Amino acid sequence: EAVEPLTLALQKMKDLPSPAAAWFTLANCLSTSGKPAEAQPALAKARDLAGKLPEKERNDLLTQVSLLELNIASKSEKPDAFLKAFENARNAVPPEKLPDLLFQRLHALLKSNDTKALLGTMADDYPVLQKGPHDGQATLIYYRALRDAKRADEARKCLEEFMARSPASPEAVRANVELSNARMQAGEFAEAAVLAQKAATAPDAKTVLGQEMYNEVQYNRGLLALKLKDANQAVQLLTALLQEKPVDAVRENALKTLGLAHSELKQYRQAADTWLQLLSVESLAKDLAFRDQLIRALFLAQDYKSTLTQLEAAAGIAGDAAKLSPETLDIWARSLFELQQFEESARRYQVLHEAAGRKPANAYACAVAWDRAGKPAEAAAWYEKAARQRDKLPEEAAGNVDALLAQAQLASGTGDLGAAQWLRKLAPAEDEKTFGAAVVALLKAADAGKLTTKHVAALREMMPQYPVENPRRYSV
């Protein structure tokens, strides 16, 4: 109600007593009645006219102007305006109002993203703020600024000292979260887990942290449990978290980590089922590393059909099956073999053989697949490749490769029908069944014209090993 007569008086009266005070009073009324924008010109007029007053009156009025400017700025959404007003009014601020205004300045600097200026206030302002109601919130703001400024030790000390001052305050819960995160980033997983548990199990933790942050803490607890080799605890925590229906980013991380925990427990079916839920996430569906992880879980769960489905998808992502990792190509070939698709398995082993440096173990596996597919000629060719590097084969394969090569050559009519191997099987140490099979094989080789003079010489050298009364002599 005072605004209108004051405005008229200032407009009409030429010899108004104390015009600077009148303009200030108008500004005060406008501000109080919720018109801060209209108050600003009146304050500027008051400040201008105050220069004509005697020193004491001038200083008193300018103090009041500065405080009103500060009050108006404190209600605005412009941090720069508040910071300027605070600097002008700093010396005039009553001691009892200083903590609130210091905290407001801290927020204004935070909004301005001026970390350097924010930390510049710490030496003078933080001791004052520690004694007031804003200790916890101010501590968290200073902590994050120190952390972002790469002053990790000071940041941690700041939180730890606050925890010692106010262990039961709501901000102590958030402080535990921040300290846990810092410990986790430093690789101090056991300490981080303890702090995360304190935060999550504090009274009213969900209310203090908010549901979203609370869920993030629960995720970190699950992740830390896994890093500390407690996969069962990780499964328990992450399963409970997913029931809370967290936001997408937390849900995705929780599902990825839960799958890893199941894998650690050799629960491959559960791991695969967990990761399958993530294929609806476009970025993961196109992620070859994630798809490989899923493929391994399905293979270890002995779900070979689903493994093949994911392998086809992985080949599509890679652009060509040959571009997949040797480990993935091996799973492809083995899955086909387990499903008794032997010819396809053999072809996959051929791709793997080329992609993985032509290792004899892959040549041997390829030969076995061709053998099982009923293709002895192809099997013989691949057994021969494996036999050339038998010293690099696994022990069992190295012991079998010559016999399998001979059988494949005999069945396919290729090479010398395995004559050299069959000759070795005529030795006295062999049992009757093996000896008899060798004789039949060598007769076939002889009929096919595969026995060379070297083979015949070997037969003659063998004769003295059997005395005349031994029937084997006549077979030889």
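Which residues line the largest cavity? The points below start there.

1. **Ground rules.** This is a predicted model, in which local features need pLDDT of at least 70 and side-chain atom pairs count only at pLDDT 80 or more, while totals for chains, interfaces and linings use all residues. Residues are numbered from 1 along each chain as its sequence is written, and side-chain values use heavy atoms, with hydrogens and water left out.

2. **The cavity.** V177, S180, N181, A196, V217 and N220 line the largest cavity. A cavity is a set of points, on a 1 Å grid over the protein atoms alone, where a 1.4 Å probe fits but cannot get out; lining residues have an atom within 4 Å of a point. The structure holds one cavity of 30 Å³ or more. The largest cavity has about 40 Å³ of space. Such a volume is the space filled by probe spheres set on the points, with grid points joined across faces, edges and corners.

3. **What the lining is made of.** Helix 11 (170-185) and helix 14 (211-227) are the elements that give two or more residues to the lining of the largest cavity. Helices here are DSSP runs (H or I, at least four residues), numbered from the N terminus. Helix 11 gives the most, with three residues. By class, the lining has three nonpolar, three polar and no charged residues. Ala, Val, Leu, Ile, Met, Phe, Trp, Tyr, Cys and Pro count as nonpolar; Asp, Glu, Lys and Arg as charged; the others, Gly among them, as polar.

4. **The nonpolar core.** The largest nonpolar core has 37 residues. Such a core is a set of buried Ala, Val, Leu, Ile, Met, Phe, Trp, Tyr and Cys residues joined through side-chain atoms within 4.5 Å. Buried means under 20% relative accessible area, exposed over 50%, and partly exposed in between (1.4 Å probe, protein chains only). L324, W332, Y349, Y364, Y383 and V401 have the most contacts inside this core. Among the elements that give two or more residues to the core are helix 19 (288-300) and helix 25 (395-412). Helix 23 gives the largest share, seven residues.

5. **Aromatic pairs.** How many aromatic pairs are there? The count comes to five. Rings of Phe, Tyr and Trp (its six-membered ring) pair if their centres lie within 6.5 Å; planes under 30 degrees apart count as stacked, over 60 as edge-to-face and the rest as tilted. F299 and Y304 form an edge-to-face pair, 5.7 Å centre to centre with 65° between the planes. Both F299 and Y304 are buried. F435 and Y466 also form an edge-to-face pair, at 6.0 Å and 70°. F435 lies in helix 27 (432-447) and Y466 in the loop between helix 28 (453-462) and helix 29 (471-475), so this pair ties together parts 31 residues apart in sequence. F435 is buried at 4% relative accessible area, and Y466 is buried at 2%.

6. **Charges over rings.** R348 lies over the face of W332, 3.8 Å from the ring centre. K385 lies over the face of W382, at 3.9 Å. A charge sits over a ring if NZ of Lys or CZ of Arg is within 6 Å of the ring centre and within 35 degrees of the ring normal.

7. **Two loop residues to check.** Most residues other than glycine have a negative phi. Q340 has a positive phi of about 60°. Q340 sits in the loop between helix 21 and helix 22 and is exposed, at 59% relative accessible area. R358 has a positive phi of about 50°. R358 sits in the loop between helix 22 and helix 23 and is exposed, at 51%.

Notes. On a 1 Å grid over the protein atoms alone, a cavity is a set of points where a 1.4 Å probe fits but cannot get out, and a pocket is an open set with protein on both sides within 12 Å along at least five of seven lines; lining residues have an atom within 4 Å of a point.
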